Amino acid sequence: QTGLSEAPEGNAHQSEFTLDNNYIIASDEDFSPTGFDASSDDGGQFFAVPGDATAAIPVGGTLSGQTVYGGRACIGDPAVPAAGVGQIAVVVRGLCTFTEKIANVEAAGGYVGAIVVNREGADACTAFGMSVAGTIPAVSVDRGVGYDLFDLPGYDEAACLAGVASDLPGVALGAQGDIVEMRSFFDGWGYVHLYDNNDGKLVELDTWAIPEAMDPSKAEGVGDLSVHEVATSLLDSSLGYISYYSGGLRVVDIVNDELVEVGHFIDEGGNNFWGVQAFIGSDGEEYIAASDRDHGLYIFQYTP
């Protein structure tokens, strides 16, 4: 729709076959309209997961700085060294909460962000998400990224899974690592897929979203602009009814293997539509039930 392309995120939520089973309409539910990537000055790109309640990098913005090793950053551990200008603390997971670690990084003064490296252990090593609060941006990374940031040789996944260590081996407190850059960018809210099912294999034919869901100026402050669910018509093989949270109720038609919007409803004062289902009334007509999380149940009839 926009001529732009973003990497798929894997947010598959719900889908339905059309009446004739020739198509599947599917929804990707995504409440985060931003993407995130990170790289280091030695040319390596790495996967990082932003903390859920720390300061965010503004959409379209970047955060860069020299990494500095801060150890485990728990109360009772050696203090996180004070930062130089524009530095990012690298601390390791273990013993205390993520929020305590970030608080100790902030108490050291001067750091513009923090990176939390996973510890060793059978339930660790890989990428992970953090429930963490703080006033500076904080991200989590897998154990191997920690090795790379300080140019440590010999990272071994099997040894990590069998180990128990938190600290990065041989890295002194206050040691400087790579310069990193982290970027936040707009990649849209959850959207809709159309798949071809004619030969028994699913081939994607089209994707569709409401225009507002692709507008960077609506990344926040306007409610959830993600799709939630789709209900296909019980009488017409080309029609689908879509609940779109703050985007209201939408009706799409399959035209030449593409999804085309042919109807919509947003109530005065807005909607927050969640469930949607088509049904046949006692008069033989098709109706649509849609549940609004704020206002209750709506009943619609599509009249093209």
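Select Cys 160 first: at 2% relative accessibility this residue counts as buried, where buried stands for under 20% relative accessible area, exposed for over 50% and partly exposed for what lies in between, with a 1.4 Å probe and protein chains only. The model is a predicted one, in which local features need pLDDT of at least 70 and side-chain atom pairs count only at pLDDT 80 or more, whereas totals for chains, interfaces and linings use all residues. Residues are numbered from 1 along each chain as its sequence is written, and side-chain values use heavy atoms, with hydrogens and water left out.

The link of Cys 125 and Cys 160 is left-handed, with -110 degrees about the S-S bond. It connects distant parts of the chain, 35 residues apart, with Cys 125 in the loop between β8 (113-117) and β9 and Cys 160 in helix α3 (residues 157-162); helices (H or I, at least four residues) and strands (E, at least two) are DSSP runs numbered from the N terminus.

Next, select Cys 74 and Cys 96, which are joined by a disulfide with an S to S distance of 2.0 Å. The torsion about the S-S bond of Cys 74 and Cys 96 is about -85 degrees, so this disulfide is left-handed. Cys 74 is buried, with a relative accessible area of 4%, and Cys 96 is buried, with 15%.

Now turn to the largest pocket, where about 650 Å³ of space lies. On a 1 Å grid over the protein atoms alone, a pocket is an open set of points with protein on both sides within 12 Å along at least five of seven lines, and lining residues have an atom within 4 Å of a point; grid points are joined across faces, edges and corners, and a volume is the space filled by probe spheres set on the points. Select Leu 4, Glu 6, Asp 187, Tyr 191 and Met 214, which lie nearest the centre of this pocket among its 26 lining residues. Strand β12 (residues 203-208) gives the largest share of the lining, three residues.

Finish at the second largest pocket, with a volume of about 440 Å³. Of its 23 lining residues, Thr 34, Pro 50, Ala 56, Ile 57 and Ser 184 are the closest to its centre.

Key
On a 1 Å grid over the protein atoms alone, a cavity is a set of points where a 1.4 Å probe fits but cannot get out, and a pocket is an open set with protein on both sides within 12 Å along at least five of seven lines; lining residues have an atom within 4 Å of a point. A disulfide is a pair of cysteine sulfur atoms within 2.5 Å.
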